[in-house]
Amino acid sequence: MIVRGAVLREMGLPAPYASSRPLRVEEVELAPPGPGELLVRIRAAGLCHSDLSVIDGSRPRVMPMLLGHEATGEVIVSEAPGFAPGDVIACAFVPACGSCGPCAEGRPALCEPGATANTAGTLLSGTRRLTDVHHHLGVSGFADHAVISAHSAVKIDPSLPPEIAALFGCAVMTGVGAVVNTAQVRAGRSAVVFGLGGVGLSALLGAVLVGAHPIVAVDVVPAKLSLALDLGATAVVDARAADAVEQVRQATAGGADYAFETVGSARVLEQAYAATRRGGTTVTVGLPHPSQSFSVPAVSLVAEERTVKGSYVGSSIPSRDIPRYVALYRAGRLPVDRLLTATVGLDDLNQAFDDLAAGTSIRQVLLF
């Protein structure tokens with residue numbers, strides 16, 4: 001079949017993207033699903049910094065590529081047990097094979113065949129169903145239809161609005177998961193979140209959910225700091241201030257028990273580490289350019305019993321966590337809808353990524 005989608009053929013074109021137009025809407029041939037795969041009619045796909053980092057070249061990928069990884073849709077054809085036409089699914093952007101070492105240990109975010117496929121721009125099977133175009137993280141959700149591995153799909157409540165459902169596949173799973181799964185924050189412990197995009201604000205929602213206190217939010221955009229207060233932050237700090245780290249330390253009585261860096265910057269990660277108290281845990285969620293390095297005083301790891309942890313996909317088990325988070329949203333415990341800035345059309349994506357890069361949006365969602 002022929003699908004209409006947003007294809008990136010060259011990374012690193014200059015902003016503004018509304019002028020350079022790195023994403024071109026093209027008609028691409030999509031082959032039918034193979035064994036263990038699904039043909040999905042995409043209903044919505046979120047715009048994430050992980051997409052932007054491919055566009056600007058800070059997250060190198062094979063080209064050309066049909067972007068989009070935070071998506072929801074309806075199964076049209078199933079070649080996999082457990083899924084049937086009409087099922088509504090959220091996409092998980094790391095397909096988990098279920099049998100490699102990390103999967104066997106309950107860590108599907110680190111699935112080895114999944115990582116290999118994502119790097120190569122293929123589906124989990126190692127094949128491409130897009131003709132002459134690579135898949136983005138096994139999803140390629142910026143198209144009206146996609147073929148994905150069933151290992152990338154989680155069935156969800158079909159009554160959930162698609163513009164909300166899409167958010168659970170990346171922003172919510174990654175941000176909330178960093179708090180709940182990676183850091184395992186306990187009630188009454190202090191937390192700080194550096195960076196208030198979709199993932200950072202999801203981490204803030206996760207900190208509120210588990211009863212962290214106090215909770216400090218750090219960003220450069222005043223509107224995001226204001227929203228953070230509305231969502232439960234007890235204090236906010238403008239990251240542009242020369243004493244931003246000291247302000248965090250004062251707000252948390254000497255440093256946070258848990259600090260979350262969601263920007264994808266080694267410099268911000270160093271700030272997050274500096275804002276963490278003795279015996280505390282610094283969690284990094286953002287994806288910096290591979291050339292960036294992180295430096296800390298080595299003695300502090302021992303003398304202060306510090307912990308630095310990476311969190312990929314929120315250390316999540318998607319089949320377990322996405323339904324849980326949806327249920328918490330339904331119960332009013334995770335107001336994920338507050339993350340939605342706007343809905344856009346396929347032809348609006350370049351301008352929408354300008355808005356994302358400028359920090360004027362949190363989560364924009366492409367609707368079909």
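1. Strand 4 (residues 65-66) and strand 7 run parallel and are joined by two bridges. Strands here are DSSP runs of E, at least two residues long, numbered from the N terminus. Pairing requires at least two DSSP bridges between two strands. Leu66 stands opposite His135 in strand 7.

2. This is a predicted model: local features need pLDDT of at least 70, side-chain atom pairs count only at pLDDT 80 or more, and totals for chains, interfaces and linings use all residues. Residues are numbered from 1 along each chain as its sequence is written, and side-chain values use heavy atoms, without hydrogens or water.

3. The open sheet has four strands in the order 2-1-4-7, with mixed pairing. Strand 2 (23-29) and strand 7 (134-135) each have a single partner strand, so one side of each lacks a neighbour in the sheet.

4. Val218 sits in strand 11 (residues 215-219). Its relative accessibility is 3%, so Val218 counts as buried (under 20% relative accessible area; exposed is over 50%, partly exposed in between; 1.4 Å probe, protein chains only). Beyond four places in sequence, its contacts (heavy atoms within 4.5 Å) include Val192, Phe194, Leu225 and Val248. The C-alpha atoms of Val218 and Ala228 are 9.0 Å apart.

5. Val308 belongs to strand 15 (residues 307-310). Val308 counts as partly exposed because its relative accessibility is 35%. With Phe294, Leu301 and Val302, Val308 forms a nonpolar surface patch of about 320 Å² accessible area together. Patch residues have over 30% relative accessible area and no salt bridge; nonpolar side chains (Val, Leu, Ile, Met, Phe, Trp, Tyr) are joined within 5 Å, like charges within 9 Å. A salt bridge puts a side-chain nitrogen of Lys or Arg within 4 Å of a carboxyl oxygen of Asp or Glu. Areas come from the Shrake-Rupley method with a 1.4 Å probe; for residues, only the protein chains shown count as cover.
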